[in-house]
Amino acid sequence: MGVSMAEGIERDAGIFLVACICGVASGMFGIGGGVLLVPLLGLFFSFSQHRAQGTSLVALIPPTGLLALLAYARQGFVSWRTGFLLIPGVFLGGILGGMLAERVKPHRMRQIFVGILFALGAWQALSAWRR
Amino acid sequence: MTLIVLLLGLGVGVLVGLLGIGGGAVLVPAMVYVLGMDQHLSQGTSLFILIPPIGLGALREYWKQGQVDLKAGILCALGILFGALGGSLVALPLPSRMLQGLFGCFLMVSAVLLWRKGQLESQTQVANDGRVHG
C-alpha cells in the first residue's frame, strides 16, 4: 500500500481495473464513484489528495452513469423533477467548493467528510436493519 | 419544498468541489431522509443528476492548479462506464431494504478507506519533515 506501481502500461491497466470496480459501485448505489476513486487512486497509485480529487473530477465529466441510468429509468426508478431541481445547485456549489479547496487544508476537510460519510452509512445500514 | 431541494443541491455541490466526488454518495441519503424517497428511486435520480458535467466548474479550479492527471481520468471514466452497467444489473432486482443496508455498508467502507489514506499521507508528511530538519 502506498508504494507506486510500475510505470506505463501496467499502471494504466491497474487504474482501469480500479475504475471498473468503482463503476460497479456506481451502478449498484447510484453514485458517481468518486467517493471510492479518490481514496483508491491515493492508496494504490500514490496520487496526492488534490491530484486524486482533480483526476476524479475528470472521470465524472463524461456521462459515465448513462448505461446505468437507462437501466434504472426502464424500471421507473428516476424522479426527473427532483433531479432537474438539484442539478443547478450542485453545479454552482461545485465551483464554490473548488475555490474553497484551494484555501482549506485538505487534511482537516477530509476528517470532517469521513465523519459525515461514516455517520450516513451507519444510519442507512441501521434503518434498513430496523425497517 | 422546491426551495429545500434547491438548497440541498447547493450544499452537495460544495462537497463536490471540495472533495472531488460526484456527490452521489451524499445525494442518495439526502433524498432518502430529507425528501423521503425510496432507495431505488433515490439512486436512479442520483444517476440522472450525474449525467450533465456538474463537476466542470470544480474541475476548472483544479486544472488551474495543475492538479489533474488527464490520462488517468479518461481511463477511470471508461472503467466506470462499463462497471456501472454491471452494478445496476445487480442492484435493480434487489429488495429496496437490502439495497439500503448494502449502501450503508459501502459508505462506511469508503469512509474507512478515505481515513486510511489521510493517515498514510500525514505519515509521509511527517517523515519528509523529519528528513528536512534532521
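A salt bridge here is a side-chain nitrogen of Lys or Arg within 4 Å of a carboxyl oxygen of Asp or Glu. By that rule, A:Arg11 pairs with B:Asp69, with 3.8 Å between the closest N and O atoms. The model is a predicted one, so local features need pLDDT of at least 70 and side-chain atom pairs count only at pLDDT 80 or more, while totals for chains, interfaces and linings use all residues. Residues are numbered from 1 along each chain as its sequence is written, chains are lettered from A and ligands numbered from 1 in the order in which they are written, and side-chain values use heavy atoms, with hydrogens and water left out.

Chain B is a plain run of helices. It has six helices and zero strands, where helices (H or I, at least four residues) and strands (E, at least two) are DSSP runs numbered from the N terminus. Read from the N terminus, the order is α-α-α-α-α-α. Of the 134 residues in chain B, 56% are buried, meaning under 20% relative accessible area, with exposed being over 50% and partly exposed in between (1.4 Å probe, protein chains only). Among the contacts in chain B (heavy atoms within 4.5 Å) with a separation of 6 or more, 55% join residues 24 or more positions apart.

Next comes the interface. In chain B, 102 residues are in contact with 96 residues of chain A. The two chains bury about 9100 Å² between them, and 76% of that is on carbon and sulfur atoms; buried area is the accessible area (1.4 Å probe) that two parts lose on being put together, summed over both. On the chain B side, B:Phe48, B:Ile80 and B:Leu114 lose the most area to chain A, together 8% of what that side buries.

As for polar pairing, the rule finds 19 residue pairs in polar contact across the interface of chain B and chain A, both residues at pLDDT 80 or more. A polar contact is a pair of N or O atoms within 3.5 Å; within protein, one must be able to donate a hydrogen and the other to accept it, and residues adjacent in sequence count only if both atoms are side-chain atoms. Helices H1 (2-19), H2 (24-33), H3 (39-49), H4 (56-64), H5 (70-91) and H6 (96-133) of chain B each give two or more residues to the side that touches chain A. H6(B) gives the most, with 24 residues. That side of chain B divides into 64 nonpolar, 30 polar and eight charged residues, taking Ala, Val, Leu, Ile, Met, Phe, Trp, Tyr, Cys and Pro as nonpolar, Asp, Glu, Lys and Arg as charged, and the others, Gly among them, as polar.

Over all chains the salt bridge count comes to three, and two of these are found across the interface of chain B and chain A. Side chains of opposite charge can pair when their charged atoms come close. The pair of B:Asp69 and A:Arg11 runs from the loop between H4 and H5 of chain B to helix H1 (residues 9-29) of chain A. B:Asp69 counts as buried because its relative accessibility is 14%, and A:Arg11 is buried too, at 17%. B:Lys71 and A:Asp12 form another salt bridge, their closest N and O atoms being 2.8 Å apart. This one links helix H5 of chain B to helix H1 of chain A. Here B:Lys71 is exposed at 53%, whereas A:Asp12 is buried at 16%.

Within chain B, B:Glu61 and B:Lys64 meet in a salt bridge at 3.7 Å, N to O. Both sit in helix H4, three residues apart, about one turn of the helix. B:Glu61 is buried at 7%, and B:Lys64 is exposed at 54%.

B:Met31, in helix H2 of chain B, is buried, with a relative accessible area of 0%. Leaving aside neighbours within four places in sequence, B:Met31 is in contact with residues of both chains, including A:Thr82, A:Leu86, B:Met37 and B:Ile49. A:Val35 is one of the residues that touch the most other members of the 76-residue largest nonpolar core, a nonpolar core being a set of buried Ala, Val, Leu, Ile, Met, Phe, Trp, Tyr and Cys residues joined through side-chain atoms within 4.5 Å. Not counting residues up to four places away in sequence, A:Val35 touches A:Phe113, A:Leu117, B:Ile21, B:Ala25, B:Phe106 and B:Ser110.
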